[in-house]
Amino acid sequence: MLTGFLEALFNGISIGAVLLIAALGLAIIFGLMGVINMAHGELMMFGAYTTFVVQNACKELGGVWFEFYIFLALIAAFLFTAVVGLILERGVIRYLYGRPLETLLATWGVSLIFQQFVRSVNWLLVIGIFLFCLLFFGGLKILNSRNILGKIRNWVVAVLLLLSLGMTIGTGNLLSNRQVVTQPWFGAQNVDVTAPNWLQEGISLGGVQLPFARLFIIALTIVCVAGIYLFLQRSNWGLRIRAVTQNRSMSACLGIPTQRVDAITFALGSGLAGVAGCAISLLGSVGPNTGQNYIIDTFMVVVVGGVGNLAGTILAALGIGTANFLIGSGTLAFLLSPIQPLADLLNFFATTSMAKVLVFALIIVFLQWKPGGIFPQKGRTVDI
Amino acid sequence: MSKQFNRRKFLIYSSATIGSSVLLKACANDSPTATDSPSATNTGSDTIKVGILHSLSGTMAISERSVVDAEQLAIKEINSAGGILGKQIQAIVEDGASNWDTFREKATKLIDQDQTSVIFGCWTSASRKNVKPVFESKDHMLWYPVQYEGQECSKNIFYTGAAPNQQIEPSVDWMLKNKGKEFFLVGSDYVFPRTANTIIKAQLEALGGTTVGEDYLPLGNVEVTPIISKIRQALPNGGVIYNTLNGDSNVAFFKQLRGAGLTPEKYPSMSVSIAEEEVKAIGVEYLQGHYAAWNYFQTVDTPANQKFVAAFKQEYGADRVINDPMEAAYIAVYLWKQAVEKAGTTDLAQVRAAAYGQTIDAPEGKVTMTANNHLSKIVRIGQVRQDGLFDIVYATPAPVEPIPWNQFVKETQGFGCDWSDPAKGGKYKQV
């Protein structure tokens with residue numbers, strides 16, 4: 001009985017930890033900035049692909065490098081996705097603040113672009129994008145620095161666009177018959193991320209099997225949550241982020257660079273998605289659709305937890321994880337076997353796919369009772 | 001916040017968007033071309049048009065693109081050997097986009113607009129079930145290359161993959177004889193695994209095995225902890241895991257199986273959706289020692305297969321692997337060619353009649369088209385080895401006759417299918 005209880009507890013926590021680490025970045029972006037980022041799953045996918053790249057590099061180096069590549073991958077995934085997030089925020093999202101529906105649509109579009117990007121990315125594409133950006137935006141910058149254009153500006157921009165497009169396409173056509181540059185880097189196929197040997201096995205402790213990958217993810221989640229907490233509560237930027245969250249215009253008046261704060265918050269949330277991507281590559285597959293598998297679950301966590309509250313997110317993730325395990329594994333049905341009709345009902349839901357149905361139903365019921373989640377946001381910011 | 005989105009900015013950003021999308025299009029060289037015509041210069045009368053209908057985009061593209069490669073290879077080989085009836089084959093490739101309604105639209109287009117003589121296509125049972133009415137109402141012809149759950153026998157579909165009695169049933173038999181009597185069934189939550197598991201449960205009951213548990217995972221879901229926990233409870237001392245999971249879930253399942261300490265020695269698993277390509281994507285180290293049942297493995301030792309593997313690798317690269325549906329798609333083209341040649345025309349009814357009894361020395365061994373539109377084929381069981389290919393640990397001594405209507409399931413017990421006899425048809429009570 002005790003073993004069963006411990007096992008249920010561990011499994012609940014381990015499912016919850018995966019949900020939590022996946023939802024953490026989303027919760028920060030959604031909670032602090034009010035942005036619904038549908039591309040969060042794809043940022044996780046980028047983290048997973050970064051892990052794949054780092055893994056391959058370390059496989060070449062061999063030995064100790066491969067055994068500990070995961071730490072390198074965590075850092076690389078964080079940095080890479082943070083940069084992608086930064087570009088996303090500067091390029092798209094900053095124009096859409098305060099318009100949640102537009103943000104939702106725009107980031108959804110971005111998520112589709114990201115998915116297709118990893119399928120078809122090759123050297124040609126990268127060279128093409130780089131060249132185009134260099135020519136077009138570089139040219140624009142030069143033109144902007146001289147104030148001579150005046151009224152013909154729009155025409156010049158159009159000509160510049162056509163010119164840089166033409167040059168890029170020309171270069172592309174020149175290069176396109178070489179196999180090296182047209183070979184996709186990853187392709188549509190899922191790629192194989194192998195965990196280091198020490199993370200593949202597990203250990204049996206008093207009858208409870210503890211997979212090392214799960215323990216690693218739990219530890220990683222704790223580190224991330226603690227890091228975020230310290231960052232928000234103890235650092236200067238954390239203070240600014242909290243100030244902007246509470247009252248944007250007042251913060252701006254007091255000299256806080258709100259645009260920079262937005263960018264940093266978004267980059268931080270994206271970086272966390274990268275870390276989550278690295279973590280989930282230990283458990284599942286890495287492919288263009290990887291992010292899609294998590295996006296719904298993570299949204300559920302954020303909604304149940306309540307907007308802008310770290311504690312709520314943690315509780316919601318652990319709660320949903322435990323509920324999923326208890327119902328799906330039939331443990332709850334077993335525990336309630338004295339009450340026959342209830343046990344029969346739960347037995348009906350005791351497969352993994354049916355458990356999701358029941359958990360979803362429970363979430364809906366819960367939201368009827370507490371529409372704002374576990375810890376609803378108070379104050380005027382709710383109205384935004 | 002109150003930034004104006006003025007005209008200048010709009011122009012810049014919209015032009016950047018258009019520019020980059022044009023660029024993406026220009027650079028996406030691996031994107032499929034809508035029509036791939038090796039003999040585009042030929043006029044209509046010199047060519048025979050065939051349709052290829054698979055998902056080139058979306059979630060199924062991973063599997064189906066390789067099948068298209070195999071079909072294109074067969075068409076190329078036939079064309080360079082002089083074509084059929086002195087005519088070259090022109091393939092028209094359509095993308096079903098992993099969307100079953102799109103499959104139906106594209107099938108209609110290939111039949112009505114392109115006037116194709118035959119269509120090779122589909123992978124999932126959902127896509128096949130969706131195009132079936134089209135082929136039946138227009139009395140056209142589809143060659144379907146993937147093993148499936150059976151319980152279907154259409155006059156207008158030729159099934160070149162395995163029927164359940166050519167993959168699922170023999171593999172259950174083999175596990176029962178060699179690996180243990182207690183089975184845990186794991187599957188994705190859709191038609192194939194559920195039908196397959198109904199068959200397996202009935203079969204186990206008839207043969208003296210037991211089903212100790214079953215669980216289903218939504219397609220694409222990767223949280224398998226509750227399932228593993230259930231397996232450990234139901235089979236504390238080891239037993240057989242019968243796996244009908246599809247797609248991404250497999251990766252998660254096998255990765256986490258290892259971490260949970262369920263080794264293939266104690267918990268051997270038998271899979272029916274994992275072939276060479278999937279092994280590559282999941283990672284050999286997680287799968288080594290587990291089993292899979294197919295009719296074809298790349299390691300099959302026949303002269304025809306050596307030739308096929310060499311030709312395929314020459315065409316598409318040495319790092320490519322070949323799996324069962326690809327081989328079944330490849331031979332489908334050749335079987336259809338033989339039927340056309342025997343009929344002397346591409347007339348659908350005559351080709352169909354000529355197809356029965358066609359036999360070919362396929363890479364998987366000798367296969368024969370029977371009157372129930374399925375192939376008789378050898379069944380093999382393979383064990384994943386270090387290089388990601390399969391060691392064939394068992395093969396039936398002779399090709400197994402296909403039985404589309406399952407004989408273990410009560411509802412279809414005693415039913416057969418025979419299209420060569422108009423009195424019998426697709427579902428008749430056998431004596």
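Leu85(B) is partly exposed, with a relative accessible area of 40% (buried means under 20% relative accessible area, exposed over 50%, and partly exposed in between, with a 1.4 Å probe and protein chains only). The model is predicted, and local features need pLDDT of at least 70 while side-chain atom pairs count only at pLDDT 80 or more, whereas totals for chains, interfaces and linings use all residues. Residues are numbered from 1 along each chain as its sequence is written, chains are lettered from A and ligands numbered from 1 in the order in which they are written, and side-chain values use heavy atoms, with hydrogens and water left out.

Although Leu85(B) is not a glycine, its phi is positive, at about 50°, and this residue lies in the loop between helix 2 (61–80) and strand 2 (88–95) of chain B; helices (H or I, at least four residues) and strands (E, at least two) are DSSP runs, numbered from the N terminus. A positive phi of about 50° is also found at Asp139(B), again not a glycine, which is placed in the loop between helix 4 (125–137) and strand 4 (142–144) of chain B. Asp139(B) is partly exposed, with a relative accessible area of 34%.

Asp139(B) also takes part in a salt bridge with Arg352(B), the closest N and O atoms being 3.1 Å apart; a salt bridge is here a side-chain nitrogen of Lys or Arg within 4 Å of a carboxyl oxygen of Asp or Glu. Because Arg352(B) belongs to helix 13 (residues 348–355) of chain B and Asp139(B) to the loop between helix 4 and strand 4, the pair ties together parts that are 213 residues apart in sequence. Arg352(B) counts as buried, at 6% relative accessibility. Over all chains, the count by this rule comes to 24 salt bridges.

A further salt bridge within chain B is formed by the side chains of Glu94(B) and Lys109(B), at 2.4 Å from N to O. Glu94(B) lies in strand 2 and Lys109(B) in helix 3 (residues 100–113) of chain B, so this pair ties together parts that are 15 residues apart in sequence. Glu94(B), at 8% relative accessibility, counts as buried, whereas Lys109(B), at 23%, counts as partly exposed.

The two chains meet in an interface where 64 residues of chain A are in contact with 52 residues of chain B, contact meaning heavy atoms within 4.5 Å. Between them the chains bury about 4900 Å², of which 56% is on carbon and sulfur atoms; buried area is the accessible area (1.4 Å probe) that two parts lose on being put together, summed over both. In chain A, the residues that lose the most area to chain B are Tyr95(A), Gln200(A) and Thr352(A), together 12% of what that side buries.

Across this interface the rule finds two salt bridges, one of which joins the side chains of Arg214(A) and Glu223(B) at 2.7 Å, N to O. Arg214(A) lies in helix 10 (residues 212–234) of chain A and Glu223(B) in the loop between strand 7 (210–217) and helix 7 (225–234) of chain B, so the pair joins two chains. Arg214(A), at 4% relative accessibility, counts as buried, and Glu223(B), at 17%, counts as buried.

In chain B, an open sheet of three strands has the order 11-12-13, with antiparallel pairing, where two strands pair if DSSP finds at least two bridges between them. Strand 11 (359–362) and strand 13 (375–376) are the edge strands, each pairing on one side only. Strand 12 (residues 365–369) runs antiparallel to strand 13 and is joined to it by two bridges, and the bridge partner of Thr368(B) in strand 13 is Ser376(B).

Elsewhere in chain B, strand 9 (residues 269–271) pairs with strand 10 in the parallel sense over two bridges, with Met270(B) opposite Tyr291(B) of strand 10. Strand 10 is also joined to strand 14 (residues 380–384) by four bridges, and these two strands run antiparallel; here Trp294(B) stands opposite Arg380(B) of strand 14. From strand 10 (residues 291–294), Tyr291(B) and Ala293(B) point one way and Ala292(B) and Trp294(B) the other way, and all are buried.
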